[in-house]
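Me: I am new to this structure and would like a close look at one part of it. Please start from the overall layout and then go to the open sheet.

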Amino acid sequence: MKDMHQDQQKIQNTTQPQLSVIPLGGIEDVTKNMYVYEYKNEILIVDCGIGFADASALGVDLLLPDITYLIQNCLPADKAKKRIVGLLLSHGHEDHIGALPFILPQLPKIPVYATPFTAALANEKLREYQLPADIKSVSFGGKPINLGPFSFNFLSVTHSVPDTSHIVIKTPVGTVYHGSDFKIDMTPYDNKRMDFKGIVDAAKDGILIHMTDSLGSDRPGHTPSEDGMQKTFERLITECKGKCIVTTYSSNVSRLNQVIEAAEKAKRKVSFVGRSLVKVTDVAKRLGYLHVEDGTIIDINQAKRYHPSKLVLIVAGSQGQENSAMTRIAEGQHRDISLSSDDLVVFSAEPIPGNEEAVNSLIDSIAKTGARAITSSQSTLLHVSGHGSQQDHLMMMSLLKSKYIIPISGNYKHLVMYKDLAKKMDYIDKNVLILENGQEVIFTQSSYRLGRKIATKNVYVDQLSGEEVEGFVLRDREKLAKDGIIILMVEINTTDGQLMNRPDIIARGLLPKDIETLQKSLTIEMKKLLAKRKARVTNWVHMRRQIEEMASKHIFYKLRRRPLVLPIVIEV
Ligand SMILES: [Zn+2]
């Protein structure tokens, strides 16, 4: 404490340049990653992810990072106190890019950069919401890109989605190594290796702050390589007399390639089932990341033409998500696929903490059909984590030798475990910072102090994108989207459940005069709705749904159109 006090004295008495770091999401709750780097009045943002309202992937409702700080300081564009110079995306997982369609329309126009696969996934997502899909694709190995006082470059790292990057950010105060999700995989299946040279080069001139993934910091040893599961898939597919169904994470393209390769060896056709899978594999195919022979992939509605022993189905929904393709197949509710006793379901995934019960009940439903299920707990070669373990982290620390470390992307216990690890590398207590969302830290070249604590609230939104629904539901959504999209920003007082301000409307594909009409009438209707129940709000999911229902009805009554209505409810 004494040290920190002296540091604070020092920093207050200097006019040294200062860099602020503010996590708006991603600490303590793993998901909804969003980090702000601020120098003078210029801001660089990294990541824009969603979180899950009930701490599991099963929730229908999603959480967004709270960007009140950005809105208050960066708008309106002509009178803004601060300027956002850009947004960088580290990789294509939902908890890093999923909030883009909700957040980007609220911010001034800013350039967004990502590596090719991430940019393609993110642009796909924006197109779905009728937003301009202009995320810039940056390949690894290029020159640093300047954004105001910052410059950055992406370094290739291994994780569980193609083109995952760590970001080296040069600032006038020092270099930040933004180490998002990773594991050290020396033999990645796609042969895209970790850029150790880039990491060492970045460390040459000294790194001030190392922000790092901490999710696997409670696991001893190294995380095993992604390579090597293919042999297991080959054996299981050959042994299976009926259909072989593999369920895994949609974005793990290396895993999909291993299943495809094993299926081709067994001369079986492959079909992707579930919207998220179809979406990701389309992008992967377009970019040449999916390795597949001509004629291997068939559409699911052609599957009936083949004997089950000639089929491998890759199915979304490994977490037992309600309404996912896998759950509907297991419950006998899928249009094209049913299970029989010759079939095998391979879980090439682990239940995300919180989903164990849902996965167990899914396995039970499969068992009732007579089909066999095999999970990663029965065979260690069916799934490996995409996050580094203790040895991976120790290795990274010894390569980077940063002055300060901020563990991110973990629950509190992971942050603490990471700190313990860092102490083994001789870091002193105060140089490893355990933060909370909204806590600003102000760095100079030689010290730091804690700055403002920016209040971050829970922001709920309907899950439109992350869900694993079938194509026909999507087509409904697309049809709806032709009538426009309305995002309603509603601030509600937690203590009495009433409106705090007039709701904000962000609309696409609607006339300005219609928006104006709605602005007035919707405020009145919303007040009426909320006045019925003046009480402390306990169920925010229910609150959001009520508002959505009322707003949809009212908008149809006023405009005779059915735009897609997405209320974002902010608890104040
Ligand atoms: Zn990730």
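Which domains does the domain assignment of the protein give, and where do they run?

Reply: The assignment gives domain 1 (2-221 + 385-448), domain 2 (230-381) and domain 3 (483-571); such bounds come from an automatic or database domain assignment. This is a predicted model, in which local features need pLDDT of at least 70, side-chain atom pairs count only at pLDDT 80 or more, and totals for chains, interfaces and linings use all residues. Residues are numbered from 1 along each chain as its sequence is written.

The pLDDT, the predictor's confidence in each residue from 0 to 100, has a mean of 88 over the protein, and 92% of the residues reach 70 or more. Two stretches with pLDDT below 50 are residues 55-60, with 17 contacts beyond near neighbours in sequence, and residues 464-477, with 25 such contacts. Two residues are in contact if their C-beta atoms, placed from the backbone, lie within 7 Å. Where pLDDT is low, the predicted coordinates should not be read in detail.

Now the sheet. It is open and has 5 strands in the order E15-E16-E14-E17-E18, with parallel pairing. Strands (E, at least two residues) are DSSP runs, numbered from the N terminus, and two of them pair if DSSP finds at least two bridges between them. The edges are taken by strand E15 (269-273) and strand E18 (372-374); each has a single partner strand, so one side of each is left without a neighbour in the sheet. On average, neighbouring strands of this sheet are turned by 20° against each other, direction ignored; the axes behind this angle are lines fitted to C-alpha atoms.

Within the sheet, strand E14 (residues 244-247) and strand E16 (residues 311-315) run parallel and are joined by 4 bridges. Cys244 has Val312 in E16 as its bridge partner.

Strand E12 (residues 175-179) is joined to E13 by 4 bridges, and Val176 has Ile209 in E13 as its bridge partner. Strand E13 (residues 209-213) is mostly covered, with 5 of its 5 residues buried; a residue is buried if 20 or more other C-beta atoms lie within 10 Å of its own. Ile209, Met211 and Asp213 lie on one side of E13 and His210 and Thr212 on the other, and both faces are covered.

Back at the level of domains, the centres of domain 1 and domain 3, taken over C-alpha atoms, are 33 Å apart. Between these two domains, 8 residues of domain 1 are in contact with 8 residues of domain 3.

Note on methods
Axes fitted to C-alpha atoms, helices over the stretch in contact; angles between N-to-C directions. Buried ≥ 20, exposed ≤ 12 C-beta atoms within 10 Å, placed from the backbone.
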